[in-house]
Amino acid sequence: MSSEVRTWAEKQAVGDSLAKAVLCALANWADPEGRNCFPSVKRIASVTELSVRTVQRKFTMLEERGFIRRVLRTREHNASHTSNGYEFPAFAEAAGGGDRVTPGGGATGDTRVVTQVSPPE
């Protein structure tokens, strides 16, 4: 958990109160660099008391506005899908100078990455 990422998230002008709640909840799982964040949609829905579908829509909105980047992950042994990872590219930019950034929009297809995840032993 990173208090720096959480503090950054709280300062952002997201423009949607539910999306901000999702951003702040998600930030609780990030490392200090704004990466390695893997909570499930169900977990975020539980923490924010929102429906799973609302959380999914807010993830999409946050990604389109540049606040987060979704990292698609698969299991190494059978290539099945596991929970998405999330990164905070706007946090990384802000960490270089300043507390608030205005992320640019971007096509979500341009930001997705596939990584392999080894099964737990």
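**Figure 1. Cysteines without a disulfide.** This predicted model holds zero disulfides. In general, a disulfide is a covalent bond between the sulfur atoms of two cysteines. Cys-24 has a relative accessible area of 9%, so Cys-24 is buried. Cys-37 counts as buried because its relative accessibility is 0%.

**Figure 2. The protein as a whole, with its helices and strands.** Five helices and three strands make up the secondary structure. Along the sequence, they follow the pattern α-α-α-α-β-β-α-β. The protein has 121 residues, and 40% of them count as buried. Consider the contacts with a separation of 6 or more: residues 24 or more positions apart account for 58% of them. The views below pick out some of the parts involved.

**Figure 3. Trp-8 and its aromatic partners.** Three aromatic pairs turn up in a search of the whole structure. One of them joins Trp-8 and Phe-88 in an edge-to-face arrangement. The ring centres are 6.2 Å apart, and the planes stand at 80 degrees. This pair links distant parts of the chain. Trp-8 sits in helix α1, residues 3–11. Phe-88 sits in the loop between β2 (85–87) and α5 (89–95), 80 residues apart from Trp-8. Trp-8 and Phe-88 are buried.

Trp-8 also forms an edge-to-face pair with Phe-91. Here the centres are 6.0 Å apart, with 75 degrees between the planes. This pair, too, links distant parts of the chain: Trp-8 belongs to helix α1 and Phe-91 to helix α5, 83 residues apart. Both Trp-8 and Phe-91 are buried. Trp-8, Phe-88 and Phe-91 form one aromatic cluster.

Figure 4. Helix α3 covers residues 41–48. Its residues Val-41, Ile-44, Ala-45 and Thr-48 are buried. Why do they lie on the same side of α3? They cover an arc of only 100 degrees around the axis, which puts them on the same side. An α-helix has 3.6 residues a turn, so residues three or four places apart point the same way.

The face turned away from the buried side of α3 carries Lys-42 and Ser-46, both exposed. What do the buried residues of α3 pack against? They pack against α2 (17–27), α4 (52–64) and β2. Just after α3 comes Glu-49, with a positive phi of about 60 degrees.

**Figure 5. Helix α4 and what covers it.** Helix α4 has 13 residues. From its first C-alpha to its last, α4 reaches 19 Å, close to the 18 Å expected at 1.5 Å a residue. Its buried residues are Thr-54, Val-55, Lys-58, Phe-59, Met-61, Leu-62 and Glu-63. Which elements cover them? The cover includes α2, α3, β1 (69–75) and β2. Just after α4, Gly-66 takes a positive phi of about 85 degrees.

Figure 6. Arg-70 lies in strand β1. Is Arg-70 buried or exposed? Its relative accessible area is 10%, so Arg-70 is buried. The side chain of Arg-70 makes a polar contact of 3.3 Å with the side chain of Thr-60. A polar contact of 2.9 Å joins the side chains of Arg-70 and Glu-63. Glu-63 is one of the buried residues of α4.

**Figure 7. Ile-68 and its surroundings.** Ile-68 belongs to the loop between α4 and β1. Ile-68 counts as buried because its relative accessibility is 2%. How many residues apart in sequence are Ile-68 and Phe-88? They are 20 residues apart, yet 4.6 Å apart in space, C-alpha to C-alpha. Phe-88 is also a member of the aromatic cluster with Trp-8 and Phe-91.

Leave aside the neighbours of Ile-68 within four places in sequence. Ile-68 is then in contact with Leu-23, Leu-26, Phe-59, Leu-62, Glu-63, Tyr-86, Glu-87, Phe-88 and Pro-89. Phe-59, Leu-62 and Glu-63 are among the buried residues of α4.

How values were computed
Residues are numbered from 1 along each chain as its sequence is written. This is a predicted model: local features need pLDDT of at least 70, side-chain atom pairs count only at pLDDT 80 or more; totals for chains, interfaces and linings use all residues. Side-chain values use heavy atoms; hydrogens and water are left out. Rings of Phe, Tyr and Trp (its six-membered ring) pair if their centres lie within 6.5 Å; planes under 30 degrees apart count as stacked, over 60 as edge-to-face and the rest as tilted. Helices (H or I, at least four residues) and strands (E, at least two) are DSSP runs, numbered from the N terminus. Buried means under 20% relative accessible area, exposed over 50%, partly exposed in between (1.4 Å probe, protein chains only). The arc is that of the directions from the helix axis to the C-beta atoms. Contact means heavy atoms within 4.5 Å. The expected span of a helix is 1.5 Å times one less than its number of residues. A disulfide is a pair of cysteine sulfur atoms within 2.5 Å. A polar contact is a pair of N or O atoms within 3.5 Å; within protein, one must be able to donate a hydrogen and the other to accept it, and residues adjacent in sequence count only if both atoms are side-chain atoms.
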